[in-house]
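Colleague: I am new to reading protein models, and I would like to go through this one with you. Could you take my questions in turn?

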Amino acid sequence: MEYLPDSNARYKDVDYWNERYRTEESFEWFGDLTKFDHLLKQHVGTEENILMLGCGNSALSYDMYRAGYTSITNVDYSSVCVESMAERHKDCAQLSWLCMDARRLAFPDGVFDVVLEKGTLDAMLVEESDPWKVSESAARLLHQVLLEKTEDDVLKNVCYLYPVNGIQRFLDPSIYQNIIFCDKKACIDMKVSRVLKPGGRFISVTFAQPHFRKGLYARAEYDWSIKHYHYGNSFHYFLYVLTKGEELSSEDAALERRLLVEAEAPPTNIRFQGADSEDFLNNIGL
C-alpha cells in the first residue's frame with residue numbers, strides 16, 4: 001500500500017499525515033456514509049451544529065452536506081489537509097475548516113449539538129499492544145481529548161496565520177473562504193465533553209468492540225450515557241453514541257467501578273517453579 005507507514009507509531013505523527021495528504025486525494029476509514037447513515041439519522045438532526053473531529057481527507061462531511069446537514073465544522077491538525085479540503089469545498093458555505101489539535105479544542109462551552117469522530121481515537125491508540133488493558137499513557141491521552149482542561153498548554157498545536165482579534169479568515173477569502181485559524185490568546189482550551197451542549201452527543205465510529213472500548217468511555221465525570229451499534233457484513237464496525245447529561249446505565253456504572261477497583265489493586269506477583277532436576281515426564285504413568 002502506497003501510504004502504509006513503516007511503523008504504527010507514524011499514525012500519531014503530524015508530519016506523516018502532512019506528507020500523505022500532499023498526494024492522497026481521499027481515504028475512508030470504516031466505510032463511507034452509506035454504510036452507517038441509517039444509524040446516524042437516529043441521533044443527528046440535519047439542522048444541528050456538528051463538529052467533525054480529525055476530519056482528514058474523508059468525504060464524510062461533504063456527503064453529509066449533500067444529505068442536507070447544514071452546519072459542519074471540520075478540524076484536523078494537519079495544515080496540508082485543512083488547506084486542501086477548504087479549497088476543494090470552497091463553494092460549500094455550510095462547511096468550515098480549522099487547523100486544530102483534537103486535544104486542544106479552541107471552543108467555549110456548549111457550542112455543538114454533535115461531536116463526530118471516525119477513526120481519530122483509533123489513530124491515537126495505534127501503539128497499544130493489549131486491547132484488554134489500555135496503557136496508562138493511552139488512557140490519559142483519551143481523557144485529555146474527552147474532558148481534561150490544560151490551560152498551560154492552550155493551543156500549542158493550533159496552526160494559525162494573521163491572527164487578529166481572535167478568529168480570523170485565512171489567506172485570500174475568495175479561495176479559502178471557509179478556513180478559520182485562531183489567535184492563541186483569544187481561544188479557550190476545551191475538550192469534547194465540555195464543548196457539547198446539554199443533551200449533545202459524542203459519536204465515535206471505530207473498529208473497537210464494546211468490551212475493548214466501553215471501559216474508556218464509561219466514566220461518570222464525562223456526564224454521558226453510552227449506546228452502541230454495529231454495521232457491516234463480513235466485518236463489523238461500531239458506532240458509539242454518548243449523550244451528555246444522561247447517567248450511565250447500571251451496567252456501565254458497574255463497569256466503571258470494577259475498572260477503578262482493578263486499577264487500585266496491587267499488581268499480582270506470579271512465581272514460576274524452578275526447573276526440575278529430574279526427568280518428570282518419565283515418571284508419569286501413561
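Modeller: Gladly! Keep in mind that this is a predicted model. Let us begin with a lysine: Lys 35 has a relative accessible area of 45%, so it is partly exposed.

Colleague: How many salt bridges does a search of the whole structure find?

Modeller: A search of the whole structure gives a total of 13.

Colleague: How far apart in sequence are the parts that the salt bridge between Glu 25 and Arg 88 ties together?

Modeller: The closest N and O atoms of Glu 25 and Arg 88 are 3.9 Å apart, and the two form a salt bridge. Glu 25 sits in the loop between helix 1 (14–21) and helix 2 (33–40), while Arg 88 belongs to helix 4 (residues 79–88), so the pair links parts whose separation in sequence is 63 residues.

Colleague: Is Glu 25 buried or exposed?

Modeller: The cut-off to remember is that exposed means over 50% relative accessible area. Glu 25 has 56%, so the word for Glu 25 is exposed.

Colleague: In which helix do Glu 262 and Arg 258 lie?

Modeller: Glu 262 is partly exposed at 45%, and Arg 258 is partly exposed at 44%. They are four residues apart, about one turn of the helix, and that helix is helix 9 (residues 250–264).

Colleague: Let us turn to the inside. Which residue's side chain has a polar contact with the side chain of Asn 74?

Modeller: Asn 74 is in strand 2 (residues 72–76). With a relative accessible area of 0%, it is buried. Leaving out residues up to four places away in sequence, Asn 74 touches several others, including Met 52, Cys 55 and Trp 97. The polar contact, at 2.3 Å, is with Ser 61.

Colleague: Which residue in strand 2 is the bridge partner of Leu 51?

Modeller: Strand 1 and strand 2 run parallel and are joined by four bridges. In strand 1 (residues 50–53), Leu 51 and Leu 53 point one way and Ile 50 and Met 52 the other, and all are buried. Across in strand 2, the bridge partner of Leu 51 is Thr 73.

Colleague: What share of the residues in the protein chain is buried?

Modeller: The chain comes to nine helices and 11 strands. Buried means under 20% relative accessible area. Of the 286 residues in the chain, the buried share is 45%.

Colleague: What is the phi of Phe 30, near which value?

Modeller: Most residues other than glycine have a negative phi. Phe 30, in the loop between helix 1 and helix 2, has a positive value. At 10% relative accessibility, Phe 30 counts as buried. Its phi is near 65 degrees.

Colleague: Where is Asp 223 placed?

Modeller: Asp 223 has a positive phi of about 60 degrees although it is not a glycine. At 37% relative accessibility, Asp 223 counts as partly exposed. Its place is the loop between helix 8 (210–217) and strand 10 (224–231).

Terms used
Residues numbered from 1 in each chain as written. Predicted model: local features only at pLDDT ≥ 70, side-chain atom pairs only at ≥ 80, totals over all residues. Heavy atoms only, no water. Helix = DSSP H or I, 4+ residues; strand = E, 2+ residues; numbered from the N terminus. Buried < 20%, exposed > 50% of the residue type's maximum accessible area, 1.4 Å probe, protein only. Polar contact = N/O pair within 3.5 Å; in protein donor to acceptor, adjacent residues only side chain to side chain. Contact = heavy atoms within 4.5 Å. Salt bridge = Lys/Arg side-chain N within 4 Å of Asp/Glu carboxyl O. Pairing = 2+ DSSP bridges.
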